[in-house]
Every structure is written in structure tokens, then in C-alpha cells.
Amino acid sequence: MSYKALALQLTCQTINAYQTRDEAEAVMLQTIERLEKQLAASINFIGRDTLLVVVPEYFLTGFPITETTHQWREKAALEIDGRIYEAISAMVQRQQIYFSGNAYEQDPFFPELYFQTSFIIGPNGDVLLRYRRLNSMLSPTPHDVWELYLDAYGYDSLFPVVKTNIGNLACLASEDILYPEVARCLAIRGAEVLLHSTSEIGSPLLTQRKVAKMARAIENMSYVVSANSAGIADSPLPMGTTDAGSKIVDPKGLVLAEAGYGESMVANADIDLAALREFRQRPAAANLLARQRFELFAESYAKHNIYPPDTLLSQPAERQHFIRTQQEVIKKLYS
């Protein structure tokens, strides 16, 4: 099977200037309305065989700047069964695609927190997968409430993969692409296409994340569909700081398509599932997945604790806590 995937590069409209939940959700709904017009036009131009669309990180809200965790949760974090997800679901059903995005999300098990969540919605409008970002500098992650999170959802929830008629799909968020273990854990669970919502520096240089996208594709013999923002509107940062470079990378690390600066549908390419599966089943030096020897590394990981789990079980999830924790980790590493 072959189909087209699109990493849709679009501007992120922030909600930082708004005070109430209703005001923020009104902006989100306007973003969804604008997004659907771009989706429909892009699919009409690229072709009806465009079955998979990925959009950037926190595309509905931007990120917290001066807001506390409580303020951002109340204003920006989506309710799992709320009207914003309903609006996205309705849009996806009308367009008949698989759609992946990234948002801050509330969780009933953790009423004081939010998690940054990448999701996949199928053509029937159902949320097929939720992936919570695992590595973040200043936001809560499952690792920060490790014991309680595992009690609530179990270990396999950390690395979800969904089998669909367009392949086995999985998500990584933002800088998770820099941690090879994340993509590897998804690949060994069967992931064939890694969907990467990001908001990263736009640069003609070979940035860390550009390298990582190619590396993760090669290491895991997977496609990577990575959507970056086309700037962040109404932010203290210069708008074009996070812009450009949305791309699709094939399982051999070749960039099949890449967008320049600004809103763009240029990052679209064919996903050839049959060729990928044949590649994975062929005995060869390039078949890296089939040559993994995990026992070599398991003991080293088990013996070394770097960043501590459960730090939010007894501390509020505020900026200074995350900075202080990292300072303590650095001191332990290099003292």
C-alpha cells in the first residue's frame, strides 16, 4: 500500500494574552476553523490519497510563559471529552483522514497537573492513541509522577502504537526526538510511521533535531513525519523563531520533502508500506532492527539513575522546581 502523508506547517496562534477559559477556547475554535480550510485545500491540491496529516506542537495554544501550572491547566489544557476535541473530531471526520496533533491536556487522575499530549484521530473521529511527552524541561511528564502514573495506566501506556489500515502509527512530541530510547521503544512495539509534532528553531544549519529525525528513521527503519510551526503569533518571541523544516524522512534517512519558511503544505510525500515491510524482512547489514542485542545494554540502564522519578509527588509543578531538579542532576553527574 502507498499513500501520501502531509506535515502541515502552520502558524501557532497563542492564547497567553487571554484570561478566561471561554476566551481561550474561542481562539482555539477559530484555529480549528482556519485549519480545516487549509486541510481541505491542501488535500485537494496534493491528492485525495492524502490519508495522514500531522500538525505542529501545541498548535492550538502556544506554550505557557508567565502562567503558573494551575493557571495554564485551567486556561489551556484540553478536557479529554471537551468541546475542543469534539471540534477536532468533527473536522477529521469531514476530511476523512488520520490526523495527529499535540496539545496540553487535563487528566482526571492528576487534577493538579496537565500533560503535553500527542494524539491520533481516525477518519471515524475516534481518538486512537494518546502519547504523553516523556522529556520536558519545564512541564509535568508521566515520569514526574511515575508510581501513580503506572498505577493509573500501566507501563505500556508510555509507548502506545496503533495498528491502522495505513500502517502502525506512533507519536513522539517535540524534543523526545532527541532521545533515541523513545523511538526505539515505539519501534519494538511495531511502529512503522513516527508522527512528530514539534515547534523548533528554524535554521539553515544542521540543527540537533534535524539530525535526530534522520537518525531515528535510520535506527528504527521507520518513516518520520515531522510538522514544525510556521512561527508563533502574539508571542514575546520573534514570530519566525520557530519556523520551517517540516519534513518527511524515509526509513533509510532520506528527506523526501521539506518545507521552507512560513505556512506550507510542501512537506508531503508517499509512504510506501509495502517497501518498508519488505525492507524490514530482508536479512542484511542494513536491517538494524533485526540486529538489536538489548541484553548488552539492559544492565547499564538498570544500574544508573540520572533524572529522578516522582519529583512532583511532594512538590508543586513550577518552573523553579524543574530548574532546581536539573541543577541537582548536573551536580550528581559531574561532581
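User: How many nonpolar, polar and charged residues are there in the lining of the second largest pocket?

Analyst: The lining of the second largest pocket has 14 nonpolar, 13 polar and eight charged residues, where Ala, Val, Leu, Ile, Met, Phe, Trp, Tyr, Cys and Pro count as nonpolar, Asp, Glu, Lys and Arg as charged, and the others, including Gly, as polar. Please keep in mind that this is a predicted model, in which local features need pLDDT of at least 70 and side-chain atom pairs count only at pLDDT 80 or more, while totals for chains, interfaces and linings use all residues. Residues are numbered from 1 along each chain as its sequence is written, and side-chain values use heavy atoms, with hydrogens and water left out.

User: OK, and which residues lie nearest the centre of that second largest pocket?

Analyst: Of the 35 residues that line the second largest pocket, Tyr-58, Phe-63, Arg-133, Met-137 and Leu-138 lie nearest its centre, and the volume of this pocket is about 860 Å³. A pocket here is an open set of points on a 1 Å grid over the protein atoms alone, with protein on both sides within 12 Å along at least five of seven lines, whereas a cavity is a set where a 1.4 Å probe fits but cannot get out; lining residues have an atom within 4 Å of a point. The points are joined across faces, edges and corners, and a volume is the space filled by probe spheres set on them.

User: What about the largest pocket, how much space lies in there?

Analyst: The largest pocket holds about 1,600 Å³ of space. Its lining is made of 37 residues, and those nearest the centre are Asn-135, His-143, Tyr-179, Glu-181 and Tyr-301. By class, this lining divides into 23 nonpolar, nine polar and five charged residues.

User: Which element gives the most to that lining?

Analyst: Helix H9 gives the most to the lining of the largest pocket, with six residues. The elements that give two or more residues there are H5, helix H8 (295-303) and helix H9 (319-334). Helices (H or I, at least four residues) and strands (E, at least two) are DSSP runs, numbered from the N terminus.

User: Switching to cavities, how many of 30 Å³ or more are there?

Analyst: The count comes to one cavity of 30 Å³ or more, and about 50 Å³ of space lies in the largest cavity. Among the residues that line the largest cavity are Glu-200, Lys-210, Lys-213, Asp-243 and Lys-247, and by class the lining has two nonpolar, five polar and five charged residues.

User: Charges, then. How many salt bridges does a search of the whole structure find?

Analyst: The search finds 19 salt bridges in the whole structure, a salt bridge being a side-chain nitrogen of Lys or Arg within 4 Å of a carboxyl oxygen of Asp or Glu. In one of them, the closest N and O atoms of Glu-25 and Arg-21 are 3.0 Å apart. These two residues sit four apart in helix H1 (residues 21-46), which means that about one helical turn separates them.

User: Is Glu-25 buried or exposed?

Analyst: Glu-25 counts as buried because its relative accessibility is 7%, where buried means under 20% relative accessible area, exposed over 50% and partly exposed in between (1.4 Å probe, protein chains only). Arg-21 is also buried, with a relative accessible area of 17%.

User: Which residue does Arg-132 meet in a salt bridge?

Analyst: The side chain of Arg-132 meets that of Asp-107, at 3.0 Å from N to O. This pair links distant parts of the chain, 25 residues apart, with Arg-132 in strand S6 (residues 127-132) and Asp-107 in the loop between strand S4 (98-105) and strand S5 (115-121). Both are buried, since the relative accessibility is 6% for Arg-132 and 1% for Asp-107. A network of salt bridges links Glu-105, Asp-107, Arg-130 and Arg-132.

User: And what does Arg-277 form a salt bridge with?

Analyst: Arg-277 pairs with Glu-192, and their closest N and O atoms are 2.7 Å apart. Arg-277 lies in helix H7 (residues 273-280) and Glu-192 in the loop between helix H5 (180-187) and strand S9 (193-197), so the bridge ties together parts that are 85 residues apart in sequence. Arg-277 is partly exposed at 35% relative accessibility, whereas Glu-192 is buried at 5%.

User: You mentioned S4; how many of its residues are buried?

Analyst: Eight of the eight residues of S4 are buried. Tyr-98, Ser-100, Asn-102 and Tyr-104 point one way from the strand, while Phe-99, Gly-101, Ala-103 and Glu-105 point the other way.
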